[in-house]
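Reader: I'd like a close look at the aromatic rings in this one, with enough geometry that I could set up my own checks. Could you also walk me through the parts around them, and spell out your cut-offs as you go?

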Amino acid sequence: MAAGTYRARVIVLRKTRLGESDLILTMLSEDGSQIRAVAKGARKPSSQFASRLELYAVAEVLLASGRSLDIVKEARLVRGFKRIRSSMERAAGASGMAELLDRVTQLGLENEKLFALTESAFEHLDGAEIKAVPALTAAHILKAMAFSGFRPSLATCVCCGKDVDLAQAGSTIFVSYAEGGSICAACAPSNETIRLQSEVCAWANVFLVSTFDRIEAFDVDLSTSFSVLQFCQSWVREHVGANLKSLQFFFTSGLFE
Ligand SMILES: [Zn+2]
């Protein structure tokens, strides 16, 4: 390897046009840090990068360190996840996950669980039935937030630590996004809270601790998955300061109806 170059295994999160034919790629590196690099000529149909650095793909890249942005010198496709890009619903899910990662990852900041989490989430998106997409998306966002230091406390009160009963169907739970999750009835009067259906909190809690295989098998109904996604949207807005446009698209596109 020439001086100033390095290899990385990456997942492509975002592509931004640069000039006539180049792209700036935002990528999640295997150590969980973010890499931004220019792929020169990547928008020309003849470019080797066009098929090797597809959105959401896993690739091995050789990069040259640059003053502001690094430069992609070589790329090898490892996993393409073709079905994600050929289905609007699957792509919407991947786009929500990628937009979150774009916001919570940083250059040089390691977060080791994020890569394996995201590769597994994309693998499941690629293979799952369409109706599982909202649940898989919500689960990835909750887990990625937890790995980034923003895990909601749902089964215990964030003020006093007492158990909060999420199992009573049809009841509501006091929640404060700012305080970090559920609040018991005794602590609720001294906090600013909203009320959420207990099923929504219960499923968000299940998504946090379950594998994607299990989440797919649970076959959660769509309206519940969408409510958990709404929870994710508010949770990310409160703790990351981002209003995820890709999730907004879920709610307004009518894709899953
Ligand atoms: Zn309490």
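Author: Let's start with the charge-over-ring criterion: a charge sits over a ring if NZ of Lys or CZ of Arg is within 6 Å of the ring centre and within 35 degrees of the ring normal. Before using it, note that this is a predicted model, where local features need pLDDT of at least 70 and side-chain atom pairs count only at pLDDT 80 or more, while totals for chains, interfaces and linings use all residues. Residues are numbered from 1 along each chain as its sequence is written, and side-chain values use heavy atoms, with hydrogens and water left out.

With that in hand, Lys-143 lies over the face of Phe-212, 5.8 Å from the ring centre.

Now for ring against ring. A pair of aromatic rings is described by the distance of the centres and the angle of the planes. The rings of Phe, Tyr and Trp (its six-membered ring) pair if their centres lie within 6.5 Å; planes under 30 degrees apart count as stacked, over 60 as edge-to-face, and the rest as tilted. By that rule the structure holds 10 aromatic pairs. Take Tyr-56 and Phe-122: their ring centres are 5.6 Å apart and their planes meet at 70 degrees, so the pair is edge-to-face. This pair ties together distant parts of the chain, 66 residues apart: Tyr-56 is in the loop between α1 (48-52) and β4 (58-64), and Phe-122 is in helix α4 (residues 113-127). Helices (H or I, at least four residues) and strands (E, at least two) are DSSP runs, numbered from the N terminus. How buried are the two partners? Buried means under 20% relative accessible area, exposed over 50%, and partly exposed in between (1.4 Å probe, protein chains only). Tyr-56 is buried at 7% relative accessible area, and Phe-122 is buried too, at 0%.

Another edge-to-face pair is Phe-226 with Phe-250, 5.9 Å centre to centre with 70 degrees between the planes. Here the link runs from helix α8 (residues 222-240), which holds Phe-226, to helix α9 (residues 245-253), which holds Phe-250, 24 residues apart. Phe-226 counts as buried at 18% relative accessibility, and Phe-250 does so at 2%. These two rings also belong to one aromatic cluster, together with Phe-251 and Phe-256.

The helix that carries Phe-226 deserves a look of its own. The expected span of a helix is 1.5 Å times one less than its number of residues. The 19 residues of α8 should therefore span 27 Å, and its end C-alpha atoms are 26 Å apart, which agrees. Among the buried residues of α8 are Phe-226, Leu-229, Phe-231, Cys-232, Trp-235 and Val-236. After α8 comes Gly-241, with a positive phi near 75 degrees.

In α5, 14 of the 15 residues are buried, so the helix is largely enclosed by the rest of the structure. Just after α5, Gly-149 takes a positive phi of about 95 degrees.

The chain is divided into domain 1 (5-79) and domain 2 (86-152 + 182-253), with domain bounds coming from an automatic or database domain assignment. Their centres, taken over C-alpha atoms, are 26 Å apart. Counting contact as heavy atoms within 4.5 Å, 18 residues of domain 1 touch 20 residues of domain 2. The area buried between the domains is about 1,600 Å², with carbon and sulfur atoms giving 63% of that. Leu-13, Gln-34 and Tyr-56 supply 36% of the area that domain 1 buries against domain 2, more than any other three residues. Buried area, for your own check, is the accessible area (1.4 Å probe) that two parts lose on being put together, summed over both.

Gln-48 has its place in helix α1 and is partly exposed, with a relative accessible area of 33%. Leaving out residues up to four places away in sequence, Gln-48 touches Lys-73 and Ala-75. The C-alpha atoms of Gln-48 and Arg-76 are separated by 9.2 Å, although the two are 28 residues apart along the chain.
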